[in-house]
Every structure is written in structure tokens, then in C-alpha cells.
Amino acid sequence: RFLERSRTPEILEADLAPLLLELTAWGVDDVNELSWLQNPPKVALEQARVLLEALDAIVGGKITARGREMLALPTHPRLAHLLLEGKTLGWGALAADLAALLEERDPLRGLEVGSDLVVRLEGLRNTRNQTHQTRGGSFAQIERLAAQWRKLLKVQSDSHPIDPFVVGQLVALAYPERIAQKRSGERLSYRLSSGRGVRLREDDPLAGEPWLAVAHMDAGTVDGQVYLAAPLEPLDIPWAIRNHKNVSWDKQNGVLLARLERKIGELVLESKALERIPDALRQEILCKVLYGEGLALLNWTPALLQWRARVQSLRVWLGAEKGESWPDVSDAGLLETLEVWLAPHLNTVRRREDFAKLELFQILSQVLDWNQSRTLEELAPAKMQVNSGSQITLEYHPDGSSPVLAVRLQEVFGLTDTPSVANGRIPVTLHLLSPAYRPVQVTQDLRSFWKNAYFEVRKELKIRYPKHAWPEDPSSAVAVRGAVRRR
């Protein structure tokens, strides 16, 4: 087999938190501006940034005062944070012991003692209390390192009984993303605050603890294996607890779910119904519902659909004439601008059926300014008056094709030319109807119809509707709405 040409560059595999903290202290805003033999991986840099923010070392890309203190200690930012916070909380000596233990290899590796860090800390203290002649082994090396940390922190060694939950708090300070909650109904399986899973061995003394702070673990294929941990009481680490408003849409039941959760990362400590959903959050979720389920959730009356078709027709007919920009009220256009025209009106919606209760015409008409609303009524009227005096509803089409005027033939007697809209630009398509509202003729040339086709139509209509008048010269006859006895 061939050997690799070279080793993998360390920067591709290393934890970049120390490097990023150093660069931030130098004032480097963008690490990509530096010249690298091998650029650091973006994912690893992002992980480092998230960790340093969790450790209060950087905020907004700038190093904090605590970050500079951490940088002054010759160790990883995780352990530096543990040491500094431990001293602030009055546990400086224990923090020194724990940091030293975590920096070195596990002194009890290979022994069937489980993952409990307290067992290791007690072993360290036992070594410290032995005479100089009997000290030796891994614990002795750890003690030498702990003594250096005590000197830097200016604290004395501590021989008080070790509180396991204090150890858990200290571990959580160094590994905030490894706070672990036991899965319901499980004894060995835990979920980390980062979202991934870990497991204890079957015979581990910590098995069954509701909460853990995990220091050392492996990646695992599914769930990682815990090697070093301590029990934890989550209420002891209020700095890690955040209130989270969880608002989501239950698609199956068509209802907005809202809960106020107290969380540590991805772990839920407490959940209760949220009495009031923030407007912005409600609007964001409901707009996503409409994106996914479509505008059919809204109450599209025939009149409103025609209003949209009228606006779309003017958009086609007029374009950008006179500098006017007619809004796109097609499905695609409305979905694209939901946040503008609809979102502010969604604050009463909690269930799927509430969408249909919105005053949609009042809401949607606001996309037109006053001048456009007036132009719409003038150039694309909803109704047209015919010679009989009737106001007949026009049928418009979103593609701007000729609107349809479906009217009984007798009501347009005396009308010589085809009616039009848009200041005479667009002739309407006449659907001429019998007295029973059955189609007789479709035309855009009324004058030609009177002159040619009417006489054939008249013969048939006189037979079918003998009580109605069918004049020989319809262009000069008086329009009527109903039956008029023939003379």
C-alpha cells in the first residue's frame, strides 16, 4: 500500500477555540483576511465562535474582559473559564483540582469505576495527603499541575468533603453544550443541551441520575460514550437557563400551538401554555402556513376574485403608463408580499378556520393607493349600465383578455356599438342571452351582429318566446328588461 504523501494539516483537525480567542484579542474581525497555508474550516471556526460566546469570552465578535483573563491563563478557554468562575464562586481550590484532572489522562482508566469525576477528585486528594515518599503515579502528576493552578489563582488547597453537584456546576462552566438530561423511561441514555445523545455504561454509578455535566466523551456512531461526568442540578446553573417562546403550527389539527419553555440549550426544564403570542412571531408562523398550504385558506368570494382580475387586467393594459405601478395580485405576487399586505392582520388567527374569517376585501384593497382605486373604478368598472337601465356585472380575466358582458339581447336594443372599458381601448365580449338567460350569440362586433346574424336569431326567438317583442330594427328599438306584448 502507498503511504500518504503528507500528514493532514493540524488546522483541519484541531479545536480552533484557542486560536480564535487569540485572533479576536489581536483585533482580527475576519480570519479569512489573514494569509494561511491552509484556510481553517468554516464549520470548525463557527463551532469555536459559538463556544467562546457561551464562555463569555467574546461578544459581537469582540473579546470581553473575561476573555482577556482567560487568554492570560496557559490552558484551553474551557478550563480557563472553569478556573476563573470557580474562584469567583468560592470554589477555587476544587476548580484547580478539576482543571488539572481534566488536562491529564484519566488516572483510573482501565478500571471498572465508571465515569464519576468525584471518585477521581477524591483519589487526587488522597494522594495529596500522603507523605512525599509514598506519592507517585498519575495522581502525583495531576497534583503537581493542580498546585500550579492554585498558585496562579492564589488559593489554598481544600480538604472539605466534595459536593458532587458543585463538581457538576464546574464541569458545566467548561462544557456548557454537554449538559445532559436523562431521556424519559431510560436509565443509561441522555440527551445533551447541544441536541445529540450520549450513553453511560450499564454498571456506571451515575446511571439513573436525572442530569449530568459531561466532561469527556467520544463521538460515537449514534450516541456518544460518556467517560467523565458529574451529577448536576439544573437550577444551580441559572446562567444556562433561557426562556424560549415556542410557537408552531399543528398542520394535522390546523391550530397554532404556543408554549413558554425554560430551556438549557435543546433541553426543556419546564413548559407551559403561552397566554399571548408576540405579534411578530405569530405573523411569521402564519405566513409560513400560507406559503405551505396556499392562499385557498382565505375566503375568496366571487366579487374579490373579480376585483383581483380587474387589477390584473389594468396591470396588463396600462403597464407603467403615467408612471403608475400596478401591484401584482396574482397568487404568486400575493404570496411574495404576504408580510406587507396580510401579516399585520393575522393577529386574530389561531386556527385554520380563522383565516376564512378575515375581512379580506378590506385588507387587500389597501394594496392600491387612492388614485389607483379611483382609476380602477373608472377604467375597469365592476358593472356596466346597458340601454335597459340594468347594471350588469362584467366578468374580467387575470390575463387581461376582453371582459365578458353577459346580457339579455333585449336589454341592448338601441345600442349600435360594442361597449368598451379602459377609455375605449378594450372592447367587451358580449354574451347575448335569450329571455331565459340561454346563450344566443357571442360577439365583439355588435353593429355587424344587428346587420347580419340578428335576423336568423330573431326567427328562432319569436317562436320560442312569442310574448316578447322582436323588432325588425333592433338598433333603433327601445331596450326592455322583461316581456313586452308584441303588436
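**View 1. Helix H8 is mostly covered, with nine of its eleven residues buried.** Buried means under 20% relative accessible area, exposed over 50%, and partly exposed in between (1.4 Å probe, protein chains only). Helices (H or I, at least four residues) and strands (E, at least two) are DSSP runs, numbered from the N terminus. The model is predicted: local features need pLDDT of at least 70, side-chain atom pairs count only at pLDDT 80 or more, and totals for chains, interfaces and linings use all residues. Residues are numbered from 1 along each chain as its sequence is written, and side-chain values use heavy atoms, with hydrogens and water left out. The buried residues of H8 are Val 166, Val 167, Gly 168, Gln 169, Leu 170, Val 171, Ala 172, Leu 173 and Ala 174. Their cover includes helix H4 (77–88), H5, helix H6 (117–129), strand S3 (179–182), strand S6 (211–217) and strand S7 (224–231); contact means heavy atoms within 4.5 Å.

**View 2. Helix H5 (residues 92–103) packs on H8 at an angle of about 65°.** The two axes lie 11 Å apart. Axes are lines fitted to C-alpha atoms, for helices over the stretch in contact, and angles run from 0 to 180 degrees between N-to-C directions. The crossing of H5 and H8 is right-handed, that is, the near helix is turned clockwise from the far one by less than a right angle. From H5, Leu 94, Ala 95 and Leu 98 meet Val 166, Val 167, Leu 170 and Val 171 of H8. The contact of H5 with H8 comprises seven nonpolar residues, no polar and no charged ones. Ala, Val, Leu, Ile, Met, Phe, Trp, Tyr, Cys and Pro count as nonpolar, Asp, Glu, Lys and Arg as charged, and the others, Gly among them, as polar.

**View 3. The largest nonpolar core has 67 residues.** A nonpolar core is a set of buried Ala, Val, Leu, Ile, Met, Phe, Trp, Tyr and Cys residues joined through side-chain atoms within 4.5 Å. Leu 298, Trp 341, Leu 342, Phe 355, Leu 405 and Leu 409 have the most contacts inside this core. Helix H10 (residues 302–318) gives the largest share, seven residues. Leaving aside residues up to four places away in sequence, Leu 409 touches Leu 432, Leu 433, Phe 449, Trp 450, Tyr 454, Val 457, Leu 461 and Trp 470. A second, separate core of 66 residues includes Leu 45, Leu 55, Leu 83 and Ala 96.

**View 4. Leu 376 belongs to helix H14 (residues 370–379).** Leu 376 counts as buried because its relative accessibility is 1%. Residues up to four places away in sequence excluded, Leu 376 touches Trp 307, Arg 310, Val 311, Leu 314, Trp 326, Leu 368 and Pro 381. Its C-alpha atom is separated by 22 Å from that of Val 407, 31 residues apart along the chain.

**View 5. Ala 422 sits in the loop between strand S14 (420–421) and strand S15 (426–427).** Ala 422 is not a glycine, yet has a positive phi of about 55°. Most residues other than glycine have a negative phi. Asn 423, in the loop between S14 and S15, also has a positive phi, near 55°. Ala 422 counts as buried at 2% relative accessibility, whereas Asn 423 is exposed, with a relative accessible area of 70%.
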